[in-house]
Amino acid sequence: MTETKTLSLAEIEDLSQRALVAAGTSVENARPLAVATAATEADGISSHGLAYIPIYCEHVQCGKVDGRAVPNLDITAPSVVTVDAATGFAHPAIDVGFDALVPLARSQGIAALAVRNSYNCGVLGYHTQQLAKTGLLGLGFTNAPASIAPSGGFKPVVGTNPFSVAAPGSGGEPVVLIDQSASTIAKSEVMKHAREGKPIPVGWALDGLGNPTTDPEVGLKGSMAPSGGYKGVGIALLVELLAAALTGATLGIDASPFSGTAGGPPRTGQFFIAIDPNATSGGHFETLVARLTDTIHAQDGARLPGDGRNHHRIQARTKGVSVNVATLEKIKKIIG
């Protein structure tokens with residue numbers, strides 16, 4: 001049985017920042033990543049939370065990511081922001097971009113942010129939520145190292161490539177949060193099962209010949225199963241066009257893995273679109289979204305994307321979060 005310990009969100013944030021700084025990350029770059037890690041744990045997505053901190057630290061130390069990189073921002077058109085992450089962490093690059101994106105979206109009605117030479121951005125929905133909290137509809141896309149094979153093939157050509165949509169609500173939290181990968185399950189979940197020596201359900205991954213497997217190690221060497229078959233491949237290609245080709249980032253087939261120390265910086269990309277509902281809906285956005293969400297919630301047992309995160313977040317703020325003790329020991333060893 002996995003041993004766990006309950007930590008407050010403040011403790012998770014503090015541990016994350018101290019470990020990142022100890023590994024060679026600047027305080028300025030460690031801060032947004034630590035905040036996102038605590039928020040991710042609060043949302044109940046442990047596979048992308050503290051478990052990733054030792055990996056991030058290892059990647060700083062081996063040079064896969066530059067912990068002291070300074071993102072370079074440029075306004076290339078009236079409503080277009082670009083940020084070169086300079087092979088640093090995605091989180092500080094996205095934050096810098098959002099500082100320019102939000103006012104542009106409010107003045108223009110719609111604006112886009114393209115991030116290149118970046119790294120794993122963690123939970124994509126965390127970032128679109130930040131846009132929704134400002135009253136903007138946020139759409140996000142990020143590409144990843146190839147792990148999904150094309151329809152009819154068995155060699156990976158695109159990543160799990162998630163997309164996210166966050167719709168703003170009057171209470172400050174998104175009323176709808178869609179955050180899903182192009183694969184049946186996020187690759188990090190398969191990696192988590194591999195670390196814990198647990199089999200994976202049929203339908204999560206395929207072996208090197210395209211056959212279903214329950215062995216996570218075999219699946220990691222093969223390919224991830226696309227969600228909905230060819231439709232999942234289509235979503236992955238859509239995200240690849242937006243997050244890689246449109247940003248000038250590295251394609252998934254050429255990007256180094258987000259795991260391990262080989263290959264140097266992955267140089268992947270992120271693409272965000274921020275829309276001001278007041279500029280497009282004639283003042284009807286909030287009313288229409290409320291009618292839609294209320295109709296769904298009126299059904300017994302029905303839930304909206306993001307409901308689970310909201311519930312978990314409320315519990316985490318008052319009762320803390322259970323984290324893996326083995327992960328804590330790794331982090332404490334990094335801190336020294």
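Strand β8 (residues 205-206) pairs with β9 in the antiparallel sense over 2 bridges; strands are DSSP runs of E, at least two residues long, helices are runs of H or I of at least four, both numbered from the N terminus, and two strands pair if DSSP finds at least two bridges between them. The model is predicted, so to speak of local features takes pLDDT of at least 70 and side-chain atom pairs count only at pLDDT 80 or more, while totals for chains, interfaces and linings use all residues. Residues are numbered from 1 along each chain as its sequence is written, and side-chain values use heavy atoms, leaving out hydrogens and water.

**Exercise 1.** Find the order of the strands in the open sheet and its edge strands.

*Solution.* Start with the order: 3 strands run β9-β8-β10, with antiparallel pairing. Next, look at the edges: β9 (212-213) and β10 (223-224) each pair on one side only. Finally, zoom in on Leu 206, which stands opposite Pro 212 in β9.

**Exercise 2.** Describe how helices α1 and α12 pack.

*Solution.* First, take the geometry: α1 (residues 9-23) and α12 (residues 325-335) meet at about 45 degrees, with axes 8 Å apart; axes are lines fitted to C-alpha atoms over the stretch in contact, and angles run from 0 to 180 degrees between N-to-C directions. The two helices are therefore oblique to each other (under 35 degrees is roughly parallel, over 145 roughly antiparallel, 65 to 115 roughly perpendicular, the rest oblique). Then list the contact (heavy atoms within 4.5 Å): among its residues are Leu 15 and Arg 18 of α1 and Leu 328 and Ile 331 of α12.
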